[in-house]
Amino acid sequence: AVSDNGRAYRRPVDAGFVEITGFTSGFADVYAAPNGAVFMVSTPRTTRTCLSNCTTAAAFTDYMLPTSNLTVTALCGDSSTNVFAVGKRDLAGVGVLYRWNGTSWYVLSGSLGMNNPTSCYLRADGALFIAGEKEILRWQNGGATIETAGLDLSILGTDAMAPGWNGIHGIGNQVIAIGNKRRSLIRDPANGTWSLGSNPQGATNLMHAIAFVTPNEILAAGFKDPNVLWASDGGTVFTATTPDLPVANSIRKILVLGPDEVYFGGGAPS
């Protein structure tokens, strides 16, 4: 687990979290591979890579991604030889995509065709889904497709210009994105089209994190208003959980390790 104030923590098997001391710059995201390799990105664009024995800061090798004016926002991967870094560059927030191939980082796209990417989800077949300020993009077989290009969001009024999709996740062929005002987008696995799933009237809080526990159990979380944690049975509606998560007033990340083991990362009241 990493934080924007430069803290990094690791959890040994069946033990509590302990800090990995020695880091100073804030982190944007972290990905831990199944074999124990760890990839972190420090703001704005320094990757920190450790392939084994990742228990100290000295075990990590730093590399600054060469794209100028770049801010990395998310990491996704499925192994220590296949990791993606998503970011934005310049004032417009043009989407940029890098990949780690096991030995080095290299750029896949310096202009994805979307702005201000926020999060990503790597499907088992290698399709990478990226959520952004306005669009949902799929990167597959070396090319980018804006899957929401023809989506009519006029029902959102002025918000349709920048609905703000902050989180994306999936399981099997199911993929859902969540965003501002507790809205959600649902992908039809049959044809790859997206539709507005949830658009609760009067909602003001932002959703930042989403995770499938099972195909019929989906968790979404963000800023507390009135709840921090919401759940869906696989349909389009998210309802407030009872009880809510204790202490936390905002959640940024959800990690599912199994149907009975879920981790939440965020902030508590000061």
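Two strands pair if DSSP finds at least two bridges between them. Strands themselves are DSSP runs of type E with at least two residues, numbered from the N terminus. This structure is a predicted model, in which local features need pLDDT of at least 70 and side-chain atom pairs count only at pLDDT 80 or more, while totals for chains, interfaces and linings use all residues. Residues are numbered from 1 along each chain as its sequence is written, and side-chain values use heavy atoms, with hydrogens and water left out.

**The sheet from S15 to S18**

An open sheet is built from four strands in the order S15-S16-S17-S18, with antiparallel pairing. S15 and strand S18 (194–198) stand at the edges with a single partner strand each, so one side of each has no neighbour in the sheet. On average, neighbouring strands of this sheet are turned by 25° against each other, direction ignored; the axes behind such angles are lines fitted to C-alpha atoms, and angles run from 0 to 180 degrees between N-to-C directions.

Strand S15 (residues 165–171) pairs with strand S16 (residues 174–179) over six bridges in the antiparallel sense. The two strands make a hairpin with two residues between them, and Gly-172 in the turn has a positive phi of about 60°. S15 is mostly covered, as five of its seven residues are buried, where buried means under 20% relative accessible area, exposed over 50% and partly exposed in between, with a 1.4 Å probe and protein chains only.

S19 and strand S20 (residues 217–222) are joined in the antiparallel sense by six bridges.

| Residue | Partner | Strand of the partner |
|---|---|---|
| Gly-167 | Ile-178 | S16 |
| Trp-165 | Gly-179 | S16 |

**The nonpolar core**

A nonpolar core is a set of buried Ala, Val, Leu, Ile, Met, Phe, Trp, Tyr and Cys residues joined through side-chain atoms within 4.5 Å. The largest one has 15 residues, and Phe-39, Leu-65, Leu-75, Ala-85, Tyr-98 and Trp-105 have the most contacts inside it. Strands S4 (38–42), S7 (70–79), S8 (82–89) and S9 (94–100) each supply at least two of its residues.
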